[in-house]
Amino acid sequence: MSETKSIISLRGLRRAFRSPHGETVALERLDLDINEGEFVTVVGPSGCGKSTLLNIVVGLLQPSSGEYFYRGTPSRGINRDIGYVTQADNLFPWRTVLRNVTFGLEMRGIGDRKQQEAKALELLDRVGLKGFAGHYRHQLSGGMRQRVNIVRTLAYDPKVILLDEPFGPLDAQTRLQLQDMLLKLWGARPTTTLIFITHDLTEAVALGDRVVVMSARPGRVREVVPVPLPRPRDIFTIHTDPAFRRVYDHIWAHLADEMKESVA
Ligand code: ADP
């Protein structure tokens, strides 16, 4: 059974939200398997349940019905193997950059203070921010904040990292730089599994091993498209590769259909 091979298996997942105006079904009959060390990107029309899906995977939300297996075992509650990077950086404004990055290690009691700081500094160095270790959030650009946001999640070595449109608010050039940074960080730890939501199809194809295309609400997996591009990838030129174009055009045809049907 695929449940035992995949790190994450979702079977017949349904999630509905009740309100005084009735019920909204965010996800319905959603099936998905994600393997260890995969970089999976997720695209779909606004409101199709992408964030709901990540909230279920990390354990912040329970499914209304269906099954969620983590490493072959039914999963309930917050999963501490899983890190979550949201669009808002949520850095603590009263902590320095360094102490934002050590926070997850402190909470989990990993290492002593010296070891925590050494690990944080090494990661900050890898993303070009060692010189900003003593700075505070308000002293950083949007791109720098997201760099810190990502390395503070990497610091405690989660097995799976969920990223919900992490580069959404950034300008095009900064996005490319951060995509490049993310690929390099992930390349150095290939067993980490990434699930990355984006509304940018170019980003989804450039980064992913597979692109999950979701249907308009209620969200289901419409198609899972493999991206047959070798790694390491050059994020700055990959869009000129004919294989990139083929995958992009194929998905776009589906996505355009879903967007015509969806009400955001
Ligand atoms: P996406 O991330 O794809 O934009 P979401 O997962 O945020 O979609 O939302 C899917 C649907 O579920 C939307 O219609 C949204 O309004 C609804 N929804 C999400 N969270 C809640 C909630 N806590 N209460 C009520 N409705 C919700």
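User: Which element gives the most to the lining of the largest cavity?
Analyst: That's helix H6, with three residues. One caveat: this is a predicted model, where local features need pLDDT of at least 70, side-chain atom pairs count only at pLDDT 80 or more, and totals for chains, interfaces and linings use all residues. Residues are numbered from 1 along each chain as its sequence is written, and side-chain values use heavy atoms, with hydrogens and water left out.

User: What counts as a cavity, and what as a lining residue?
Analyst: On a 1 Å grid over the protein atoms alone, a cavity is a set of points where a 1.4 Å probe fits but cannot get out; lining residues have an atom within 4 Å of a point. A pocket is an open set with protein on both sides within 12 Å along at least five of seven lines.

User: How many cavities of 30 Å³ or more turn up?
Analyst: Two, from a search of the whole structure. The largest cavity holds about 70 Å³ of space, a volume being the space filled by probe spheres set on grid points joined across faces, edges and corners.

User: Which residues line the largest cavity?
Analyst: Ile150, Leu154, Ile161, Leu163, Leu182, Leu185, Trp186, Arg189, Thr192 and Leu194. Helix H5 (142–154), strand S7 (160–164) and helix H6 (172–187) are the elements giving two or more residues. Those labels are DSSP runs numbered from the N terminus: helices are H or I with at least four residues, strands are E with at least two.

User: And by class?
Analyst: Eight nonpolar, one polar and one charged. Here Ala, Val, Leu, Ile, Met, Phe, Trp, Tyr, Cys and Pro count as nonpolar, Asp, Glu, Lys and Arg as charged, and the others, Gly among them, as polar.

User: Switching to sheets: what's the strand order in the six-stranded one?
Analyst: S6-S7-S8-S3-S9-S10, an open sheet with mixed pairing. Strand S6 (82–85) and strand S10 (221–226) are at the edges with a single partner strand each, so one side of each has no neighbour in the sheet. Two strands pair if DSSP finds at least two bridges between them.

User: What does S3 pair with?
Analyst: S3 runs parallel to S8, joined by four bridges, and four bridges also join S3 to strand S9 (residues 210–214), again parallel. Valine 42 has isoleucine 197 as its bridge partner in S8, while threonine 41 has valine 211 in S9.

User: Is S3 (residues 39–43) mostly covered or exposed?
Analyst: Mostly covered: five of its five residues are buried, meaning under 20% relative accessible area with a 1.4 Å probe, protein chains only. Phe39, Thr41 and Val43 are on one side, Val40 and Val42 on the other.

User: What about the four-stranded sheet, how does it pair?
Analyst: Antiparallel, in the order S2-S1-S4-S5, and it's open. Strand S2 (22–34) and strand S5 (73–74) are the edge strands.

User: Last one: where is confidence lowest, and where highest?
Analyst: Lowest in helix H1 (residues 2–5), at a mean pLDDT of 52, and highest in strand S8 (residues 193–197), at 98. pLDDT is the predictor's confidence in each residue, from 0 to 100. The chain averages 92, and 97% of the residues score at least 70.

Note on methods. Buried means under 20% relative accessible area, exposed over 50%, partly exposed in between (1.4 Å probe, protein chains only).
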